[in-house]
Amino acid sequence: PSPPGGEAAATAAPASRASLLLRFSAPSWVEVRDAAGRRLLTGLMQPGGERRLEGEPPFSVVLGYAPGVELRYNGQPFDFSPYVRRDVARFQVGGP
């Protein structure tokens, strides 16, 4: 027989996942963490580089040289300009 629906089916559902795409036009130090605090990316990224990340949102992001980074969340451009201070951006993306 097939398993009953309801709670069992709901708990078996996978956690929500989301994707980030970062493109670099200038050197920038980057750190990205997922909702659980796991580090998905850290280090100095070089111009012309691109990184695709997947994980559970919200993502905590630090961009050491924000003007040199383009970010897309689930394929859509994400405007982080309100979070930039002295070329550094600190923000969360994908949260409630």
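From the N terminus on, the secondary-structure elements of the protein follow the order α-β-β-β-β-β-β-β-β-β, that is, one helix and nine strands. Helices (H or I, at least four residues) and strands (E, at least two) are DSSP runs, numbered from the N terminus. The model is predicted, with local features requiring pLDDT of at least 70 and side-chain atom pairs counted only at pLDDT 80 or more, whereas totals for chains, interfaces and linings use all residues. Residues are numbered from 1 along each chain as its sequence is written, and side-chain values use heavy atoms, with hydrogens and water left out.

Of the 96 residues of the protein, 32% are buried (under 20% relative accessible area, with exposed over 50% and partly exposed in between; 1.4 Å probe, protein chains only). Contacts are defined by heavy atoms within 4.5 Å; among those between residues at least 6 apart in sequence, 59% join residues at least 24 apart.

Four strands form an open sheet in the order 4-1-6-7, with antiparallel pairing (two strands pair if DSSP finds at least two bridges between them). Strand 4 (50–55) and strand 7 (76–77) stand at the edges, each with a single partner strand, so one side of each has no neighbour in the sheet. Strand 1 (residues 18–24) and strand 6 (residues 69–73) run antiparallel and are joined by five bridges; Leu21 lies opposite Arg72 in strand 6.

Ser28 belongs to strand 2 (residues 28–33) and counts as buried because its relative accessibility is 1%. Residues up to four places away in sequence aside, Ser28 touches Gly43, Leu44, Met45, Leu63, Gly64, Tyr65 and Val69. A polar atom of the Ser28 side chain lies 3.0 Å from the backbone nitrogen of Tyr65.

How values were computed:
Polar contact = N/O pair within 3.5 Å; in protein donor to acceptor, adjacent residues only side chain to side chain.
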